[in-house]
Amino acid sequence: MWRLWRKIRKTGRVAEPAPARPAGPLTSVAARLGGSVQIRHVDAGSCNGCEVEIGSAFGPVHDAERYGARLVASPRHADALLVTGAVTRNMVEPLRRTYDAVPGPKLVVAVGDCARDCGVFKGAYGVVGSVGDVLPVEVSVPGCPPTPEAITAALRGITGR
Amino acid sequence: MNVVTPVAQVLVVAGGSPLLVGVMRQVRARLEGRAGPGVGQPWRDLRKLLRKEPITPRGTSEVFRLAPLVLAATTLVAAAASPFLATTSALDPIADLFAVVAVLTLGAVVLALAGLDTGTAFGGMGASREMTITALVEPTLLMATFALSVRVGSTNLGAITTATLHDPGRVLSPVSLLAVVALAVAVIAETGRLPVDNPSTHLELTMVHEAMILEYAGPDLALVEWASAMRLTVFLGLLATLFAPFGIAVTASPSALALAAAAFALKVTVLGVALAVAEVFLAKLRLFRVPELLAGSFLLGLLAVAASFFLA
């Protein structure tokens with residue numbers, strides 16, 4: 001315990017200084033959330049590259065939580081779905097049901113090239129389509145995988161902080 | 001009839017409890033090297049949840065719909081009755097040790113029933129775990145406060161507090177020290193903090209409190225979250241009031257009440273910050289180890305009762 005305390009003292013703050021808030025007005029849904037966005041992450045068929053970057057965005061260095069975003073355990077607690085990966089056949093129905101379980105106002109964020117346009121998996125036999133083919137996507141984050149900075153910036157566009 | 005005190009207590013607890021949660025999250029974030037979302041974030045979350053669409057899952061009954069209201073109501077009754085700000089209050093007759101513990105337990109039981117009512121695997125699992133922990137915690141809560149009431153000859157919380165105010169030396173007696181440790185462990189278990197339950201977990205298999213509220217959405221969830229924050233404040237407030245009743249008003253003048261409110265906020269914040277700091281150093285106990293911890297705290301409570309008879 002003493003060693004941990006010394007480490008805490010020595011390390012100090014690892015969160016990087018917050019970059020300037022992304023410009024542009026909030027969408028109507030985001031404006032109604034008022035600086036607090038609970039997020040449920042759904043893996044619709046991802047290779048887990050995007051998950052690593054999401055984990056990093058919520059880690060101590062980028063600390064997306066400081067802008068009012070928080071990952072939650074249930075879609076019923078959520079305001080936004082963070083969907084990664086091309087939508088596979090087995091995940092179409094669970095994804096739709098998850099969306100239906102979220103109380104409105106709600107929005108969908110597609111993270112990564114696969115979620116936007118299926119990426120390298122386009123036309124594969126197990127893939128139904130992009131997230132936009134299944135759900136109305138409000139925000140999409142390009143990249144394979146997108147950087148934690150890009151994910152954090154997209155989330156700040158929803159929380160407005 | 002002094003009705004100002006209960007109203008003031010309800011306002012302080014209701015308004016301050018989300019801020020307490022915010023402070024605790026902020027302390028934790030800073031110790032983890034993060035910047036943290038700010039002290040006001042729980043209030044922002046509540047404001048947003050209240051504006052959201054209410055959804056109740058298919059197949060749930062009135063138990064599920066009424067549970068948040070009962071949970072919030074019982075917590076508010078406990079907040080109004082306990083002698084947090086003044087020892088003279090209109091609700092003093094019902095500020096009985098057994099009544100306050102029973103009212104707080106009612107809230108926990110109703111939430112467990114709501115968890116069962118959803119019919120989901122995690123809801124039932126959370127409810128069964130919560131009841132296991134509650135059944136082990138309640139005797140300790142009663143035993144520890146009973147040890148304090150033996151010397152006073154009354155189970156009235158106001159009377160216990162007044163006696164301690166008149167004789168501050170009691171706080172350092174063996175009875176009091178044994179009881180405070182027993183009660184602290186019981187409070188940690190009852191409010192679902194580490195090492196018994198992790199309030200920020202995302203892993204359904206390790207959840208206790210969170211598993212029961214997985215199906216709540218919108219305003220209902222806001223009520224449950226708000227009531228949980230108030231429960232934490234009430235339990236920490238009870239701990240502070242019973243063992244450090246300094247600053248509590250003995251008259252009902254507005255200036256004394258304001259001073260008492262400031263002292264109460266300070267004491268609860270100090271306890272909350274201490275709990276948040278301790279949580280950084282603790283890992284969650286395996287579920288089957290939790291009864292050992294709670295049995296240990298019960299033993300301390302029992303020793304406190306024994307000491308209160310033999311060392312009186």
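Strand 1 (residues 37-43) and strand 2 of chain A pair in the parallel sense, over three bridges. Pairing here requires at least two bridges found by DSSP. Strands (E, at least two residues) and helices (H or I, at least four) are DSSP runs, numbered from the N terminus. One bridge links Val37(A) to Ala69(A) in strand 2 of chain A.

This is a predicted model: local features need pLDDT of at least 70, side-chain atom pairs count only at pLDDT 80 or more, and totals for chains, interfaces and linings use all residues. Residues are numbered from 1 along each chain as its sequence is written, while chains are lettered from A and ligands numbered from 1 in the order in which they are written.

**The sheet of chain A**

Five strands form an open, parallel sheet in the order 2-1-3-5-7. Strand 2 (69-71) and strand 7 (139-141) of chain A each have a single partner strand, so one side of each lacks a neighbour in the sheet. Neighbouring strands are turned by 25° against each other on average, direction ignored.

Contact means C-beta atoms, placed from the backbone, within 7 Å. Axes are lines fitted to C-alpha atoms, for helices over the stretch in contact; angles run from 0 to 180 degrees between N-to-C directions.

| Helix of chain A | Strands touched (chain A) | Angle between directions |
|---|---|---|
| Helix 3 (residues 49-57) | strand 1, strand 3 (80-84), strand 5 (107-111) | about 135° with strand 3 |
| Helix 7 (residues 148-159) | strand 1, strand 2, strand 3, strand 5, strand 7 | about 165° with strand 7 |

**Where the chains meet**

The contact takes 26 residues from chain B and 25 residues from chain A. On the chain B side, helix 2 (41-50) and helix 9 (218-243) each supply at least two residues. Helix 2 of chain B gives the most, with five residues.

Notes:
Two residues are in contact if their C-beta atoms, placed from the backbone, lie within 7 Å.
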